[in-house]
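Reader: I have a structure to read and would like to go through it step by step. Please show it first.

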Amino acid sequence: MILFKRLTKKENYFRTSLSESLLVLVFVVGLTACSKSPVVKVENQSSVTVSNVVVSGNGFSQTIRSIAPGKTHQLTVLPAGETGVRLTFDAGEKRIDSGAQNYFEANSSYRVHTVINSNLTVTTTTDLKHY
């Protein structure tokens, strides 16, 4: 009675490739399911196009080229722990800096909505998405 069969080189290669592929798949699905990436929406409610928009916080900084009046831009950020959100942008000849606003964490349950108001001030709200 044979308990173990000696695998050919081809059978061994196939078995190894399949195992590695399954391992990569499990890893990718795990990362997707455990995403720690909050979503930040930047809405322009002013009457001017804003440009050179920088969304930043603890461990992240992303640039949006421009946002037209009435439009919203959504992005995913990767904060390094607890943070606020800071918005800087150009409106005509002015450079606007909101300073750090609100609080959120590196968790996909957080939804951050930043609004550029008609007078070019910035208002930020943060909500937790419940499942």
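Reader: Is F60 buried or exposed?

Author: This is a predicted model, in which local features need pLDDT of at least 70 and side-chain atom pairs count only at pLDDT 80 or more, while totals for chains, interfaces and linings use all residues. Residues are numbered from 1 along each chain as its sequence is written, and side-chain values use heavy atoms, with hydrogens and water left out. Buried means under 20% relative accessible area, exposed over 50%, and partly exposed in between (1.4 Å probe, protein chains only). The relative accessible area of F60 is 7%, so F60 is buried.

Reader: How are the rings of F60 and F104 arranged, stacked, edge-to-face or tilted?

Author: Rings of Phe, Tyr and Trp (its six-membered ring) pair if their centres lie within 6.5 Å; planes under 30 degrees apart count as stacked, over 60 as edge-to-face and the rest as tilted. That rule gives 1 aromatic pair. The ring centres of F60 and F104 are 6.3 Å apart and the planes stand at 50°, so the pair is tilted.

Reader: How many residues apart in sequence are the parts that this pair ties together?

Author: Strands (E, at least two residues) are DSSP runs, numbered from the N terminus. F60 lies in strand 3 and F104 in strand 7 (residues 101-104), so the parts tied together are 44 residues apart.

Reader: How many bridges join strand 2 to strand 3?

Author: Two strands pair if DSSP finds at least two bridges between them. Strand 2 (residues 50-57) and strand 3 (residues 60-67) run antiparallel, and S56 has S61 as its bridge partner. The two strands form a hairpin with 2 residues between them, and G59 in the turn has a positive phi of about 90°. The number of bridges joining strand 2 to strand 3 is 7.

Reader: Which strands stand at the edges of the open sheet?

Author: The open sheet has 4 strands in the order 4-1-8-9, with mixed pairing. Each edge strand has a single partner strand, so one side of each is left without a neighbour in the sheet; these are strand 4 (72-76) and strand 9 (122-128).

Reader: Which residue of strand 4 stands opposite K41?

Author: Strand 1 (residues 39-44) and strand 4 run antiparallel and are joined by 5 bridges. In strand 4, the residue opposite K41 is Q74.

Reader: What separates the C-alpha atoms of V39 and V112?

Author: V39 is in strand 1 and is buried, with a relative accessible area of 12%. Contact means heavy atoms within 4.5 Å; not counting residues up to four places away in sequence, V39 touches residues including Q74, Y110 and V112. V39 and V112 are 73 residues apart along the chain, and their C-alpha atoms are separated by 6.2 Å.
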